[in-house]
Amino acid sequence: MLAQQLKEMEREGLISKTVYPEVPPKTEYTLTAFGESLMPVLDAMCDWGERYLEKLERPSCRKPYSKDHAAEADHRKST
């Protein structure tokens, strides 16, 4: 699976691959300039994830799941 994803990213021009003729084999992947252009997007996603995790760590955000809670949430969405 990883090898397939790396091939796709290489084909799309996001990464470049260097294979060294060594034993054991050595392969290095680096971001291309095009791949580097995604860094602001990845940084924003990382920042969002950190904020989301902080929110989940607060006890008030960790409500146990219940059918009543789900029904209440569905009701709020429909109004």
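Analyst: Let's go from the overall layout to a few single residues. This is a predicted model, where local features need pLDDT of at least 70 and side-chain atom pairs count only at pLDDT 80 or more, while totals for chains, interfaces and linings use all residues. Residues are numbered from 1 along each chain as its sequence is written, and side-chain values use heavy atoms, with hydrogens and water left out.

User: Which helix is Gly35 in, and is it buried or exposed?

Analyst: Gly35 is in helix α2, and it's buried, with a relative accessible area of 3%. Leaving aside neighbours within four places in sequence, Gly35 is in contact with Gly13 and Leu14. Contact here means heavy atoms within 4.5 Å.

User: New topic: which residues form a salt bridge?

Analyst: Lys26 and Glu28 do, with their closest N and O atoms 3.5 Å apart. A search of the whole structure finds one salt bridge, meaning a side-chain nitrogen of Lys or Arg within 4 Å of a carboxyl oxygen of Asp or Glu.

User: Why can side chains pair like that?

Analyst: Side chains of opposite charge can pair when their charged atoms come close.

User: Which residues gather in the patch of negative charge?

Analyst: Asp43, Asp47, Glu50, Glu54 and Glu57 gather there, on the surface. Asp and Glu count as negative and Lys and Arg as positive, with His and the chain ends not counted. Each charge is placed at NZ of Lys, CZ of Arg, CG of Asp or CD of Glu. Patch residues have over 30% relative accessible area and no salt bridge; like charges are joined within 9 Å, nonpolar side chains (Val, Leu, Ile, Met, Phe, Trp, Tyr) within 5 Å. Glu50 sits in helix α3 (residues 39–57) and is partly exposed at 45%.

User: What about a nonpolar patch, which residues make it?

Analyst: Leu38, Val41, Leu42 and Met45 make one of about 360 Å². Accessible areas come from the Shrake-Rupley method with a 1.4 Å probe, and for residues only the protein chains shown count as cover. Leu38 is in the loop between α2 (33–36) and α3.

User: Last one: where is Pro24?

Analyst: Pro24 is in the loop between β1 (15–20) and β2 (26–31). The peptide bond from Val23 to Pro24 is cis, with omega near -5°.

Technical notes
Helices (H or I, at least four residues) and strands (E, at least two) are DSSP runs, numbered from the N terminus. Buried means under 20% relative accessible area, exposed over 50%, partly exposed in between (1.4 Å probe, protein chains only).
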